Every structure is written in C-alpha cells, then in structure tokens.
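This report walks through one protein model, with the sequence and the three-dimensional view to hand. Please keep both open while reading.

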Amino acid sequence: MSANDSNGNIDLTIYRQYMLHLPNKLNFNAKLENFDYILGFASEDYIEGKGTGNFNPTWNLNDLSPENVKSFKDNNPQVRVVISIGGVGDEYPFNPFDKNTWITYAVNSIKQIIVRYDQIHKYENLIDGIDIHYDSVESNEDDFSYCVGEVIKQLKNDAPLSINVVSIAPTKKVESYYEKLYLDNKDMIDLVDYQFYNQEFSSEDEVVELYKKLVVTYSPCKVLPGYTNPPDPILMDGIMYLIKNKLVPGVFVWNANHSTTGFNSFFIENMLLADQES
C-alpha cells in the first residue's frame with residue numbers, strides 16, 4: 001500500500017449478515033452500534049420471464065418464522081432485522097411486465113410480508129428495514145430506478161411499518177443500475193452494501209481503490225464492503241486494510257457461517273463480534 005495513504009477517522013459501527021438460520025447466542029462488541037440480520041429473500045413470481053411484483057418469502061419459514069424472529073430480537077435487542085428483496089443470480093431478474101402494475105403488486109405483497117412479522121409483537125415492529133438485492137436486471141436503468149425507487153418510497157413513507165433503514169446491494173455487473181437508483185433516491189437510501197465477493201481482485205490495492213471510488217459515487221451514503229465464505233484472501237486483506245486504517249463504517253457478510261472456515265488465524269467475525277456461537 002502506498003506510503004502516502006494516511007489513516008482515516010471513520011469508526012467501524014455497522015455489522016450486517018444475511019441470515020440462513022437463527023444463531024443461538026450472540027455476544028456483541030460494544031463498539032458497534034448497528035447489528036443487522038438480513039432475511040433473504042423475498043422473491044417475486046414470474047410469468048414467461050416477466051416479473052409480476054408478487055413477492056413471497058423464500059427463506060426457511062420454520063426456522064425464520066415470525067415467532068422465532070420475535071424471540072431472537074427479544075433476546076438480542078441490539079439487532080435490527082431487514083428483509084432483502086430480489087434474489088441471487090439470473091434466476092430472479094428485475095424484469096417487470098408492466099411498470100405501474102408491478103409497483104402496486106410489489107408494495108402490497110412486500111407490505112403483507114412485513115405485517116405478517118410485525119403483528120406478532122404487541123409493542124414494536126419486528127422488521128426494521130428493507131434491502132434491494134437484484135443481481136440481474138433485464139430492463140433499462142430508468143425503469144429500474146423508477147420502479148424500485150417508488151417501492152422504497154411507498155414502504156418507507158408508510159408510517160405503521162416503521163421502516164428505518166434501507167440498503168441497496170450493487171454488483172459489478174449491474175452497478176450502473178444501482179448508481180442511477182441511488183442518485184434518484186438519495187434521501188431514501190441509508191446504506192450501500194457492495195458485493196465485493198462477486199468479482200475478482202489481483203491485489204489488495206485494487207480492493208482499496210474500488211472502495212474509494214464507490215465512496216465518491218455513492219456520497220454521502222455509507223458504503224459497506226461485503227465478503228463471503230470461504231473468503232478470498234486478497235479481498236480480506238483489502239477489507240482488513242480499510243478497517244485498520246479507519247476508512248470504512250462497517251462490513252457485511254453474505255454467508256452466515258463463520259469466516260473461520262478455511263482461512264488463517266484472525267477472522268473478521270471474531271474481531272467485530274468478540275465471540276459468536278451458533
């Protein structure tokens with residue numbers, strides 16, 4: 001790394017994780033302010049390849065039932081639970097059959113999922129936010145920004161839902177779509193979870209330079225680098241550099257298993273969460 005690179009002054013305060021199961025116990029690092037656990041995914045139905053906007057949960061509804069999520073949050077009041085909308089890979093593209101009809105169906109069906117979880121708790125909502133996670137987009141950038149932006153606005157402006165955090169999850173493949181979405185909806189989007197694990201890097205410098213570029217692109221939003229398990233050593237070196245030099249406000253992990261699998265002697269989860277048993 002260049003000797004001209006000076007340390008930043010950004011405290012690491014956010015840890016996010018896509019949930020494949022509910023951990024039995026969490027020990028939290030007091031220095032972190034936000035622990036976000038993301039349910040993936042609310043995915044839509046398709047007719048002849050076109051998205052209907054009718055979303056349904058595809059996560060394990062037994063393990064991640066409203067009752068179990070309530071118990072999890074009751075035992076871990078620091079946690080925010082977020083629903084991720086879209087899906088992984090080309091199986092769940094953004095490709096609406098009709099823009100305005102898609103928006104109506106999307107808002108109504110996603111709201112029904114959120115209400116199904118929220119109604120289990122008498123005093124507070126279980127779902128704290130939404131995450132936009134389309135890996136594949138088959139429409140144009142304007143349609144993606146308009147449709148997804150309108151869904152975000154309507155859900156966030158629905159006061160009883162109490163949506164207080166909205167994130168988007170760009171990849172290299174569809175980054176231009178998310179950039180358009182963000183620029184058109186800056187006031188509605190809180191976090192950018194960039195999927196660093198969906199591209200290859202030849203050096204730690206490449207990781208750091210991409211992160212710095214994304215910070216400019218999505219200013220003033222908080223940009224979080226994401227990694228998966230087993231982790232790529234080059235990517236992890238880059239992320240560790242960002243953390244040690246106080247250049248990043250948080251990270252997210254795609255796979256809910258510990259990053260201790262198949263890696264070396266220090267691991268991001270252990271460092272951030274102190275100790276986590278599942």
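## A network of charged side chains

In this predicted model, salt bridges link Arg 16, Asp 36, Arg 80 and Asp 193 in a network. Within it, Arg 16 and Asp 36 form a salt bridge whose closest N and O atoms are 2.8 Å apart, and this pair links distant parts of the chain, with Arg 16 in strand β1 (residues 14-19) and Asp 36 in strand β3, 20 residues apart. Arg 16 is buried, at a relative accessible area of 0%, and Asp 36 is buried with a relative accessible area of 0% as well.

## Other salt bridges

A search of the whole structure gives 12 salt bridges, including one between Asp 190 and Lys 156, where the closest N and O atoms are 3.3 Å apart. Because Asp 190 lies in the loop between α4 and β8 (191-194) while Lys 156 belongs to helix α3, the pair ties together parts that are 34 residues apart in sequence. Asp 190 counts as partly exposed at 29% relative accessibility, and Lys 156 counts as partly exposed at 21%.

In general, an α-helix has 3.6 residues a turn, so residues three or four places apart point the same way. Lys 180 is partly exposed at 26% relative accessibility, and Asp 184 is partly exposed with a relative accessible area of 39%.

## Aromatic pairs

The model holds 17 aromatic pairs. One of them joins Tyr 37 and Phe 72 edge-to-face, with 5.7 Å from centre to centre and 85 degrees between the planes; Tyr 37 sits in strand β3 (residues 34-47) and Phe 72 in helix α1 (residues 66-75), so that distant parts of the chain, 35 residues apart, are linked. Tyr 37 is buried at 0% relative accessibility, and Phe 72 is buried with a relative accessible area of 4%.

Ring pairs also connect Phe 55, Phe 94, Trp 102, Tyr 134, Phe 144, Tyr 177 and Tyr 178 into a cluster.

## Helix α3

Helix α3 (residues 141-156) has 16 residues and spans 22 Å from its first C-alpha to its last, close to the 22 Å expected. At its start, a side-chain oxygen of Asn 140 comes to within 3.1 Å of the backbone nitrogen of Asp 142. Among the buried residues of α3 are Phe 144, Cys 147, Val 148, Val 151, Ile 152 and Leu 155, and the buried residues of this helix pack against α2 (99-118), β6 (127-134), β7 (165-168) and α4 (175-184).

## Backbone features to inspect

Most residues other than glycine have a negative phi, and most peptide bonds are trans. The peptide bond from Gly 40 to Phe 41 is cis, with omega near 5 degrees, and Phe 41 is found in strand β3. Ser 219 and Pro 220 are also joined by a cis peptide bond, with omega about 5 degrees; Pro 220 is in the loop between α5 (204-217) and β9 (222-227).

Glu 48 has a positive phi, near 50 degrees, lies in the loop between β3 and β4 (50-57), and is exposed, with a relative accessible area of 81%.

## Confidence

The mean pLDDT is 89, and 88% of the residues reach 70 or more. Over residues 1-6 the pLDDT is below 50, and this stretch has seven contacts beyond near neighbours in sequence. Residues 258-266 also stay under 50, with 18 contacts beyond four places in sequence.

Conventions:
Residues are numbered from 1 along each chain as its sequence is written. This is a predicted model: local features need pLDDT of at least 70, side-chain atom pairs count only at pLDDT 80 or more; totals for chains, interfaces and linings use all residues. Side-chain values use heavy atoms; hydrogens and water are left out. Rings of Phe, Tyr and Trp (its six-membered ring) pair if their centres lie within 6.5 Å; planes under 30 degrees apart count as stacked, over 60 as edge-to-face and the rest as tilted. Helices (H or I, at least four residues) and strands (E, at least two) are DSSP runs, numbered from the N terminus. Buried means under 20% relative accessible area, exposed over 50%, partly exposed in between (1.4 Å probe, protein chains only). pLDDT is the predictor's confidence in each residue, from 0 to 100. Contact means heavy atoms within 4.5 Å. The expected span of a helix is 1.5 Å times one less than its number of residues. A polar contact is a pair of N or O atoms within 3.5 Å; within protein, one must be able to donate a hydrogen and the other to accept it, and residues adjacent in sequence count only if both atoms are side-chain atoms. A salt bridge is a side-chain nitrogen of Lys or Arg within 4 Å of a carboxyl oxygen of Asp or Glu.
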